Amino acid sequence: MNHQVGDRQTACGFVWPLAQFQTWAGKQLAKASILPLARVGKPVEIKMPNGLLTKVGAEFIRFHHGIGRALDAPSYAHGPQQVSNQGGFASTQLSLQIHRGLAPCRMQNRRLRKCFAGLFIRPVQCFYNRHFIPKAIVSIQPQQLLAYLQTWGRQLGFSQIGVAPVDLTGAEPGLLAWLDKGFHGEMAYMASHGLRRARPAALLPGTLSVITVRMDYLPQQAGLQASNTQDWLEHELSRLQDPQAAVVSVYARGRDYHKVMRQRLQQLADLLQQHLGPIGHRVFCDSAPVMEAELAVRSGLGWRGKHTLVLQRDSGSFFFLGELFVDMPLESTPEVSDHCGSCSSCMDACPTQAIVAPYQLDARRCISYLTIEHAGPVPLELRPLIGNRIYGCDDCQLVCPWNKFAKRSALPDFDERHGLGTAQLVQLFAWTAQDFDRYTQGSAIRRIGHERWLRNIAVALGNACRVALPAHQASEIRQALASRLTDESPLVREHVQWALSVNSQITDLDGMHLT
Ligand code: B12
Ligand code: SF4
Ligand code: SF4
């Protein structure tokens, strides 16, 4: 990259992070991406006549006019111009992270050499996530740091820890194609952040690495009713065949994972800070525009299955993902190879054919989306395919051969609550709004509210009515549905009416017409 800066500018770096290095170092960084601080998609020549350059404060240089805005985009992360800046940023095909945290411009050669030799020299001070972080200069071997992280991670109940780079450029075309096809449905939050979702350093300026974690969540109770608890997979599959069973996705039977993960990630960050002094950091678990599966894959926590989830040879896919964004340039952990081979069980098993091609999920057809994210009426053509799944769906995971190796959670947080692993539809349909609030306290289920809960169960009851059942069971279902025909919610009433209209067209086991 060629550049020309003002006469009075002795250090030749012209944009962060290059401004921090001597001329030769800046050039090497730009050319060879020595550190993950700089990535050049296409060579760009920028000439800045004297006067356009303004030195702001003691530590960084900002350009005026269009290109300056584009290059400086991440520092505007919280401003209203962020989206348009990002557009400009992308179209230049140039990606440079602004980082105010590394050692100052006149970094001594001795320190720089140390940095390249594998020792991370910690910043003296920085702003991160709008907070001032005072720092002591500490050096630590990357491998030593990773070993600490892994030990602390295990103590906190994480199953694995990795480190991902912040460059997710490779994921951007897939994200855009997914949005372009409208696969996100009503999840407006998936579209509203644009490419920031694939750019951790644009989401939080100063982020240099992402510490990734995964946590197994299979409850200790899963399959307890089976003759052998190791048969939990068969047990889950058999409940799908029982029309009166209320199937709540395995991940949602215990405590809300967002809370568990974020608390423990913060504890991990606290341990890190006890060791290293203050660091710029922020924790995430399904709580911000972050491509968690991409980060997990890039840090070797697993490979991407054809169902789009991340999975592992020795743990299957029943685990959550979370991240700790940090302002330290850490060495990434290696990726693992893909072991799906010619298998397509997940795609074949999907009740709604939501996996439209390998690694492509049309969320609008996914039962998890329909029962959790989707607010309005469930599309009529999809209702019969939902079966008895009332919150989320696990089918594509249950059939995956690698889930024979799924691990039970190390934490009691994911223990099943209120019999949610064994509940019946009629029983849950009887929950009042107060019952719903009481029984779902601290659970992810609470997010959907009582109305959507009843809507989902009405669909499942309607599907139960399609199956030939002994007369007394069919009658119990009809009565439960009828009790909500006058529900205050038009959404619930419509689904109940649909369920009962299905009921009127079938016959029971004794060959008697049910209406
Ligand atoms: C939105 C979302 C959903 C949506 C959409 C899922 C999806 N695949 O996009 C819905 C509501 C359907 C959903 C369902 C579930 N989810 Co979800 N979900 C998310 C969330 C918030 C974002 C995922 C995302 O970025 N999607 C955007 C698309 C573009 O990404 P992608 O599918 O990975 O696509 C990539 C490629 O496949 C490819 N691609 C995709 N489509 C296309 C199309 C074309 C044309 C092309 C060329 C390429 C392409 O490009 C993309 C970039 O590489 C994440 C948390 C997070 N912040 O990351 C959790 C997350 C993925 N979900 C999770 C879970 C547990 C689930 C469920 C199992 C819950 C359940 N039991 O009901 C199901 C599983 C359904 C499934 N098979 O994926 C976990 C997964 C953990 C793991 N082991 O991987 C996550 C990571 C949450 C967490 N923190 O643990 N989820
Ligand atoms: S969660 Fe269920 S509906 Fe969604 S892709 Fe997997 S099997 Fe299909
Ligand atoms: S079911 Fe088969 S294709 Fe799907 S994720 Fe598992 S191994 Fe891969």
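Guide: Let us begin with strand pairing: two strands pair if DSSP finds at least two bridges between them. In this predicted model, S11 and S12 pair in the antiparallel sense, over five bridges. One position within that pairing is Ile 161, which stands opposite Val 213 in S12.

Visitor: What do strands of a sheet pair through?

Guide: Strands of a sheet pair through backbone hydrogen bonds, in either a parallel or an antiparallel manner. Here the pairing is antiparallel, and four strands form an open sheet in the order S11-S12-S17-S14.

Visitor: Which strands stand at the edges, each with a single partner strand?

Guide: Strand S11 (160-164) and strand S14 (281-284) hold those positions; each has a single partner strand, so one side of each is left without a neighbour in the sheet. From one strand to the next, the twist averages 20 degrees.

Visitor: Over how many bridges do strand S12 and strand S17 pair?

Guide: Strand S12 (residues 209-216) and strand S17 (residues 319-326) are joined antiparallel over eight bridges. Ser 209 stands opposite Val 326 in S17, Thr 212 has Glu 323 of S17 as its bridge partner, and Asp 216 is bridged to Phe 319 of S17. On to the next pair: S14 and S17 run antiparallel and are joined by four bridges, and Arg 282 has Phe 325 in S17 as its bridge partner.

Visitor: Are the residues of S12 buried or exposed?

Guide: Burial is judged by counting neighbours: a residue is buried if 20 or more other C-beta atoms lie within 10 Å of its own, and exposed if 12 or fewer do. In S12, eight of its eight residues are buried. Ser 209, Ile 211, Val 213 and Met 215 point one way from S12, while Val 210, Thr 212, Arg 214 and Asp 216 point the other way, and all are buried. S17 is likewise mostly covered, with eight of its eight residues buried. On one side of S17 are Phe 319, Leu 321, Glu 323 and Phe 325, and on the other Phe 320, Gly 322, Leu 324 and Val 326.

Visitor: Which helices should be read together with this sheet?

Guide: Helix H10 (residues 257-276) lies across S12, S14 and S17 and runs at about 40 degrees to S17. As for the strands S12 and S17, which pair over eight bridges, helix H5 (residues 142-155) packs on their sheet, touching S11 and S12, with its direction at about 140 degrees to that of S11.

Visitor: Why does Thr 151 count as exposed?

Guide: Thr 151 lies in helix H5. Thr 151 is exposed because 12 other C-beta atoms lie within 10 Å, and 12 or fewer is the limit for that class. The C-alpha atoms of Thr 151 and Ile 161 are separated by 9.3 Å, the two residues being 10 apart along the chain.

Visitor: Which residues come closest to ligand 2 and to ligand 3?

Guide: Ligand 2 is surrounded by 13 residues, with Cys 350, Cys 366, Cys 393, Asp 395 and Cys 396 the closest. Helix H13 (367-373) and helix H15 (395-398) each give two or more residues to that shell. Its residues are nine nonpolar, three polar and one charged. Of the 13 residues around ligand 3, Gly 305, Cys 340, Cys 343, Cys 346 and Cys 400 come nearest. That shell holds eight nonpolar, four polar and one charged.

Terms used
Residues numbered from 1 in each chain as written. Chains lettered and ligands numbered in written order. Predicted model: local features only at pLDDT ≥ 70, side-chain atom pairs only at ≥ 80, totals over all residues. Near = placed C-beta within 6 Å. Nonpolar A, V, L, I, M, F, W, Y, C, P; charged D, E, K, R; others polar. Axes fitted to C-alpha atoms, helices over the stretch in contact; angles between N-to-C directions. Contact = placed C-beta atoms within 7 Å.
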